[in-house]
Amino acid sequence: MNMPSEDIRDMLEAESSLGLIFATNLFIGTEPTKPKETVTIFDTYGRPPQLTLGGKEEDSGYYYPSVQIRVRGIEQRTVWELINDIMLSLHGRGQETWNGALYTVIYCSSGPALLDWDDNGLVRFIVNFNLQRRESLDSA
Amino acid sequence: MKRPRSFYTKRYPNTNVQGFEAVMLNLNTTIAKMKIASERGLLEAAYFIRHETEEKADTTPLDYGNLRASWFTTWSKGVAKDPLRLSGRFKNNKRKKLTASQFQTWHTQATAEASGMSAANPRKATVVMGYSANYAMWVHEMIGAEYTPRGPAAGPKWFEKAIDRNRGKLIEIIRQTSKSPIK
């Protein structure tokens with residue numbers, strides 16, 4: 001399975017209405033200094049993986065990772081609208097297979113929140129998601 | 001258990017309570033099933049979390065120690081004692097030009113507000129724990145920020161992690177000290 005952030009990246013890229021393109025305005029792991037308007041996905045700590053009912057087998061157990069999405073931009077209103085669209089796009093999705101991983105549910109664990117204004121005066125919002133996934137049996 | 005409102009500055013906005021909803025939902029649901037969750041049980045649970053945030057990775061990020069010192073717990077009789085005896089011991093942060101007295105002012109305001117929440121309903125035990133430093137939420141949510149090395153390692157989301165990984169223990173602590181635990 002890929003890093004959760006990579007799968008989330010693909011989900012966001014596939015949502016054409018968001019206008020996000022990897023390495024242009026969509027990034028993983030590190031928030032670049034340019035461009036000013038960016039969306040960055042971070043892998044954050046999740047919950048312990050399933051240990052029962054065959055959970056020890058890598059291809060049958062469920063994993064519960066989390067990601068944080070940080071949106072940076074110039075206009076507070078525009079940034080909030082984008083992060084809200086991202087939240088609406090991901091929250092409640094489930095039973096989808098991405099890159100060999102079956103995502104049974106994705107849900108927002110804390111809604112869009114204003115993080116700060118960075119050193120360049122750009123506004124940043126964050127939103128957190130909990131994921132539940134396992135190896136897709138179709139890809140085996 | 002709720003964190004109090006932080007206070008507005010230019011860089012660190014007044015973001016109020018964000019996050020923890022999913023973490024706390026199941027915990028609060030289970031606690032609510034106990035017929036009487038004693039205040040003592042809730043306080044013991046808060047003390048346990050305080051120890052966890054300082055002793056097990058990821059710990060509270062540490063620079064001058066003001067974030068760690070801004071920890072507080074309130075109950076119906078006001079501000080509870082800090083088991084680590086660090087709460088309220090603020091230092092001047094020369095780099096950010098924040099004085100110890102400024103931290104103390106925030107602390108007083110936050111604990112006053114939290115004490116009011118704890119004492120609001122005498123028939124319902126309410127313990128509030130959190131941090132009064134106005135940048136606490138920023139440090140908690142800022143993935144990738146660099147922290148002064150300390151052992152064990154400090155990191156973002158230390159508070160949420162401490163609650164999340166100890167959910168079972170917290171329930172047990174509260175249950176053991178409750179007058180009429182669920183059967």
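1. In this predicted model, the secondary structure of chain A consists of two helices and six strands. Their order from the N terminus is α-β-β-β-α-β-β-β. The radius of gyration of chain A is 16 Å, close to the 14 Å that the globule rule gives for 140 residues, so chain A is as compact as a globular protein of that length.

2. As to overall dimensions, the box filled by the C-alpha atoms of chain A, taken along the principal axes, is roughly 50 × 25 × 25 Å.

3. Burial in chain A was also computed: of its 140 residues, 34% are buried.

4. Chain B contains seven helices and three strands. Along the sequence these elements follow the pattern α-α-α-β-β-α-β-α-α-α.

5. For chain B, which has 183 residues, the buried fraction is 41%. Where contacts with a separation of 6 or more are considered, residues 24 or more positions apart supply 75% of those in chain B.

Notes: Residues are numbered from 1 along each chain as its sequence is written. Chains are lettered from A and ligands numbered from 1 in the order in which they are written. This is a predicted model: local features need pLDDT of at least 70, side-chain atom pairs count only at pLDDT 80 or more; totals for chains, interfaces and linings use all residues. Helices (H or I, at least four residues) and strands (E, at least two) are DSSP runs, numbered from the N terminus. The radius of gyration is taken over C-alpha atoms; the globule rule is 2.2 Å times the number of residues to the power 0.38. A residue is buried if 20 or more other C-beta atoms lie within 10 Å of its own, exposed if 12 or fewer, and partly exposed in between; C-beta atoms are placed from the backbone. Two residues are in contact if their C-beta atoms, placed from the backbone, lie within 7 Å.
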